Amino acid sequence: MSIILRRAFSHRNLLLLRISTFHGGDLSHQLINSAHNNNNNNSSTNIHALTLPTTLHFLTHSRRGFAKGRKSKDDDAVSTIEVSPDIGPTIKANATSMMEAAIAALSGELNKLRTGRASPGMLDHIIVELDGVKMPLSHLAVVSVMDSKTLSVNPYDPNTIKKLESAIVASPLGLSPKVDGERLIAVIPPLTKEHIQAVCKVVTKSCEDARQSIRRARQKAMDTAKKLYSHAPKDDVKKLEKEVDELTKKFVKSAEDMCKAKEKEITGG
């Protein structure tokens, strides 16, 4: 009978040990009291009751500490990873777009200038007001070249022909169009020497403005590259700068060629 009771108390003590590990050791005092109340049946049971919870808590906390330390180490390793995307193509695309805009603006300015030859783009910048709404002449009529000295203006709506005539006369081109049925005929007068010199100066200024716009686009691209590639290899930055420089030279040459062609047209050379 005593053997059966001893085993029963031993099983109960083990059960209390397991429960204590899940509750952070709060039941350790209960386990000790339970061991004393067993009438000192077995001294080894008391030893286990005193030492086993402490050992289990030590192992549990040690395992938790190791797990936390490993997690922290992994987190630090992940946080140090940096990905540097290749934004070179985007920088070049933005620079190209700005330089193309500078060329388009230059083309528009040059088309406004009157030369000794007829050009359909000469009237594109003229604004016509219809019923309080201002619209480009190119949206209201088709301009074509009849010969090297004559332009033909054919309105989409014949009722607007008088408005078109007034707008052309008021422009700085110095043209005096005549009504010919449902169209306007504009003869390009010969340029005087003074007018040729004045127009050539305008061409030179327009060319310089275009160069400045292209160079500003280059500088913006360079600044962006240096800022975003601050931690990139120097060879990558130099390669991008070289490509942007090549774009700059290409567009500057295009602007200069356009202006030279315009001056040639103006002087008749």
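Entry 1, the helix pair. I looked up helix α4 (residues 88-111) and helix α7 (residues 234-267) in this predicted model. I found that they pack at an angle of about 10°, with their axes 10 Å apart. I noted both values, because two packed helices are described by the angle between their axes and the distance between the axes. Angles under 35 degrees count as roughly parallel, so α4 and α7 are roughly parallel to each other.

Next I asked myself which residues make the contact. On the α4 side I listed several, including Ile91, Met99, Ile103 and Leu106. On the α7 side my list includes Leu240, Val244, Leu247, Phe251 and Met258. Sorted by class, the contact of α4 with α7 has twelve nonpolar, six polar and four charged residues.

Entry 2, a strand pair. I moved on to strand β3 (residues 141-147) and strand β4 (residues 150-155), which pair in the antiparallel sense over six bridges. Which residue is the bridge partner of valine 142 in β4? I found asparagine 154 there. β3 and β4 form a hairpin, and I noted two residues between them.

I counted seven helices and six strands. Reading along the sequence, I wrote down the pattern α-α-α-α-β-β-β-β-α-β-β-α-α. Of the 269 residues in the chain, 32% are buried.

Key: Residues are numbered from 1 along each chain as its sequence is written. This is a predicted model: local features need pLDDT of at least 70, side-chain atom pairs count only at pLDDT 80 or more; totals for chains, interfaces and linings use all residues. Side-chain values use heavy atoms; hydrogens and water are left out. Axes are lines fitted to C-alpha atoms, for helices over the stretch in contact, and angles run from 0 to 180 degrees between N-to-C directions. Helices (H or I, at least four residues) and strands (E, at least two) are DSSP runs, numbered from the N terminus. Angles under 35 degrees count as roughly parallel, over 145 as roughly antiparallel, 65 to 115 as roughly perpendicular and the rest as oblique. Contact means heavy atoms within 4.5 Å. Ala, Val, Leu, Ile, Met, Phe, Trp, Tyr, Cys and Pro count as nonpolar, Asp, Glu, Lys and Arg as charged, and the others, Gly among them, as polar. Two strands pair if DSSP finds at least two bridges between them. Buried means under 20% relative accessible area, exposed over 50%, partly exposed in between (1.4 Å probe, protein chains only).
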